[in-house]
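Hello,

I am passing a structure on to you, and you will find it just below.

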Amino acid sequence: MFDWDDVCGARPAVMGIVNVTPDSFSDGGQFPDAGAAVAHGLELVAAGADILDVGGESTRPGADPVDEREELERIESVVRGLATEAGVPVSIDTTKAAVASAAIDAGASIVNDVSAGRFDPAILEVTAAAGAGYVAMHMLGEPRTMQSDPRYDDVVAEVGAFLVARLDAAREAGIQEGSLAADPGIGFGKTAAHNLTLLASLAELISLVGVPLVVGTSRKRFLGELVRGVGGNDDDPAPVDRDDATLASVVWSVDRGARVVRVHDVAPAAQAVALLDAMERVAA
Ligand code: PMM
């Protein structure tokens, strides 16, 4: 059975992103074939990734859903190749039970579900039956519409209550306690202010959910908005030019208790986690 404690119990883990989508917001269309995606995953492990997260459906704002067969074709051999060669747990970033099931058969040991079981509830049973790890993420609505005027009365309380309810659904489906993790879903139906409030309240969220917290800020739009004007440049930096701001948010998140950080640029995050871990030990 998958236990998060084995991956991020001793120190926070870095989850490296391997998107095999033609249209992800920051790295879509990067890999011409499965072999190139596997090679990229292996590079991320060499750079310090503790987990590899393979995704075949873009969840960028406005994205249309991907047909199940198409998603399966994109991810299956990449998951198989990485599960065989990478030597770290492979997670599958999907909302579909059939894709999760095929990925598990191909060697994935974590299901990273940005819908937290709302889009295809059978994904919870599939995960439970396999004894796989599970990440329940908060999203307001669905990717196609989530960024059109997102509103909350109290974003931290609402995201926290949603995650508590979805973790309970996962438990009811039979997923073991040690296999559960939660994620506030930075950028998924949130303004920059909502994202900052969530990041400022990670400790509160962690005590609400009671399971390891995954945080994914990497290259997201709000980082571009926040650094606009820095260095006299009035334009938002392109996604690939948001890695320094990403690193700052990684350090912030780990310092406030996040146990897994999901990033594109693994080496700096892995170095930051190592440094923070060493400082924690001295400060303790
Ligand atoms: N973000 C994206 C996709 N999957 N999964 C989790 N658990 N948390 C996230 O923040 C998250 C995710 C979107 O980013 P990408 O298109 O760069 O993968």
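First, a term: a polar contact is a pair of N or O atoms within 3.5 Å; within protein, one must be able to donate a hydrogen and the other to accept it, and residues adjacent in sequence count only if both atoms are side-chain atoms.

Two notes on the source. This is a predicted model, in which local features need pLDDT of at least 70 and side-chain atom pairs count only at pLDDT 80 or more, while totals for chains, interfaces and linings use all residues. Residues are numbered from 1 along each chain as its sequence is written, and side-chain values use heavy atoms, with hydrogens and water left out.

Back to the ligand. It is surrounded by 15 residues, and the closest are Asp93, Asn112, Asp183, Lys220 and Arg262 (a residue is near a molecule if one of its heavy atoms lies within 4 Å of it). The side chain of Asp93 has an N or O atom 2.8 Å from a nitrogen atom of the ligand. From Lys220, a polar side-chain atom lies 2.7 Å from an oxygen atom of the ligand. The shell has five nonpolar, six polar and four charged residues (Ala, Val, Leu, Ile, Met, Phe, Trp, Tyr, Cys and Pro count as nonpolar, Asp, Glu, Lys and Arg as charged, and the others, Gly among them, as polar).

Now two backbone details. Most residues other than glycine have a negative phi. Ala116, however, has a positive phi near 55°, and Arg219 has one of about 60°. Ala116 sits in the loop between β4 (110–113) and α5 (122–130), and Arg219 in the loop between β7 (214–215) and α9 (221–226). Here helices (H or I, at least four residues) and strands (E, at least two) are DSSP runs, numbered from the N terminus. Are these residues buried or exposed? Ala116 is buried at 0% relative accessibility, and Arg219 is buried at 12% (buried means under 20% relative accessible area, exposed over 50%, partly exposed in between, with a 1.4 Å probe and protein chains only).

Enjoy exploring!
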